[in-house]
Amino acid sequence: REKDRMNIMYKFNSGKNPKWRYYLVNLLRYISLKYFCRIRLNRELKKLFTRKDKEYIVGRVDYYNKLLPNTFLPLEAQKLAAHKFKKKRTVYFFDTYEFTRWFPQSLRWCYCFGDITEIPLVPSILKSRPIQGDNANSVLLNLDKVRHFIFLNDKIPFSKKINKIIFRGKVVDKPRRIAFMEEYFTHPMCDLGDVSKPSKLPSVWRTEKKTLWDHLRYKFILALEGNDVASNLKWVMSSNSIAVMPKPIYETWFMEGKLIANYHYIEIKEDYSDLEERLNYYIEHEDEALLIIEHAHEYVEQFKDKKRERMISLLVLQKYFEQTGQLTINKVKA
């Protein structure tokens, strides 16, 4: 009965974005006339030139889209008109369609849906990319945001939280998480659990999910990369707890590559060997911990302006079509 009660609580008060609302909004968007978006596109993008934060917006666009002029796009690249609703990868479809519908449907593009950890051979729209190396072909949009972009209103002050680190996540087929569990599952400063379906991993690791609100009872939350980025990093950085992780390898729309160690999050070594030392340091130096929380909140704040986020997304796509020679620079026509 306790298990059933916890499952019901998780289902109705997990802290995650309600998917029914996401699908309702996007289905309504899908059946609406795209024509009205296209006639508004020029007017929407021209707003950039009167904004006080123009330099900031251009910087974000150039960070996500590093393509150079005259970038080659293969002949087999699909037209936007072929981008139709399918049962598979529904979230990725909706999150791209939200912005591709603004542009002429004769334009061509390439995309990679899913957890992408390699740089594609051709310029492609995707959710995630490696931080290091020449990643210009990896053009970021905010995809799968219903799962990744969650911000919480944490009312528990850091000083009132438990002096431990918590992790609940899928561990199967994720070597970095398996290694952490093997090293720290029984550690007294850790509350760890694998929420994967039953597997060959130790059954003692297996546990039920906790709501995001339950996580906020702890001072430290492990944000460990799985298939690509750590999906919990955004809501952890919006809370009064602190994200703990090695230096990130991958990044998304959240620009994980711009995060500063021990300024936005607590950095631990790749082999996790200094975990206990780092946790104890910030327990004993609460003033420094509070500064990290403050800086994390400042970083998160930049993603909360919905109108600005829409403009940046449209400009990322506009630049994609410009740099691949399909649109004249700064002269988008509906």
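This is a predicted model: local features need pLDDT of at least 70, side-chain atom pairs count only at pLDDT 80 or more; totals for chains, interfaces and linings use all residues.
Residues are numbered from 1 along each chain as its sequence is written, and side-chain values use heavy atoms, with hydrogens and water left out. Helices (H or I, at least four residues) and strands (E, at least two) are DSSP runs, numbered from the N terminus. "Buried" stands for under 20% relative accessible area, "exposed" for over 50%, and "partly exposed" for in between, with a 1.4 Å probe and protein chains only.

**Salt bridges**

- Side chains of opposite charge can pair when their charged atoms come close.
- The count is 19 salt bridges, where a salt bridge is a side-chain nitrogen of Lys or Arg within 4 Å of a carboxyl oxygen of Asp or Glu.
- Glu-98 pairs with Arg-29 at 3.7 Å, N to O. Glu-98 sits in helix 5 (residues 90–100) and Arg-29 in helix 2 (residues 19–31), so this bridge ties together parts that are 69 residues apart in sequence. Glu-98 and Arg-29 are both buried.
- Glu-98 also has a salt bridge with Lys-145, at 3.0 Å, N to O. Lys-145 belongs to helix 6 (residues 145–148) and Glu-98 to helix 5, so here the parts tied together are 47 residues apart in sequence. Lys-145 and Glu-98 are both buried.
- Elsewhere, Asp-115 bridges to Lys-127, with the closest N and O atoms 2.5 Å apart. Asp-115 is in the loop between strand 2 (108–109) and strand 3 (124–126), while Lys-127 is in the loop between strand 3 and strand 4 (129–130), 12 residues apart.
- In that pair, Asp-115 is partly exposed at 31% relative accessible area, whereas Lys-127 is buried at 1%.

**Cysteines**

- A disulfide is a covalent bond between the sulfur atoms of two cysteines. The structure has zero disulfides, going by a cut-off of cysteine sulfur atoms within 2.5 Å.
- Cys-110 is in no disulfide, and the nearest cysteine sulfur, that of Cys-112, is 7.8 Å away. Cys-110 is buried, at 12% relative accessibility.
- Cys-37 is buried too, with a relative accessible area of 5%.

**Helix faces**

- In an α-helix there are 3.6 residues a turn, so residues three or four places apart point the same way.
- Helix 3 (residues 35–46) has Cys-37, Arg-38, Leu-41, Glu-44 and Leu-45 buried. These residues cover an arc of only 115 degrees around the axis, which puts them on the same side of helix 3; the arc is that of the directions from the helix axis to the C-beta atoms.
- Tyr-35, Arg-43 and Lys-46 are exposed on the other side of helix 3.
- Helix 12 (306–323) is included in what covers the buried residues of helix 3, with contact meaning heavy atoms within 4.5 Å.
- Helix 4 (residues 54–64) has Ile-57, Arg-60, Val-61, Tyr-63 and Tyr-64 buried. Their arc is only 160 degrees around the axis, which puts them on the same side of helix 4.
- The cover over the buried residues of helix 4 includes strand 4, strand 5, strand 10 (250–251) and helix 12.

- Five strands form an open sheet in the order 7-6-8-9-11, with parallel pairing; two strands pair if DSSP finds at least two bridges between them.
- Strand 7 (190–194) and strand 11 (266–267) are the edges, each with a single partner strand, so one side of each is left without a neighbour in the sheet.
- Strand 8 (residues 218–222) and strand 9 (residues 242–245) run parallel and are joined by three bridges. Ile-221 has Ala-243 in strand 9 as its bridge partner.
- Helix 7 (residues 175–184) packs on the sheet and touches strand 6 (162–169), strand 7 and strand 8; the direction of helix 7 makes about 135 degrees with that of strand 7. Axes are lines fitted to C-alpha atoms, for helices over the stretch in contact, and angles run from 0 to 180 degrees between N-to-C directions.

**Positive phi**

- Most residues other than glycine have a negative phi.
- Asp-144 has a positive phi of about 55 degrees. Asp-144 is in the loop between strand 5 (138–140) and helix 6, and is buried at 9% relative accessible area.
- Asp-173 has a positive phi of about 65 degrees. Asp-173 is in the loop between strand 6 and helix 7, and is exposed at 68%.
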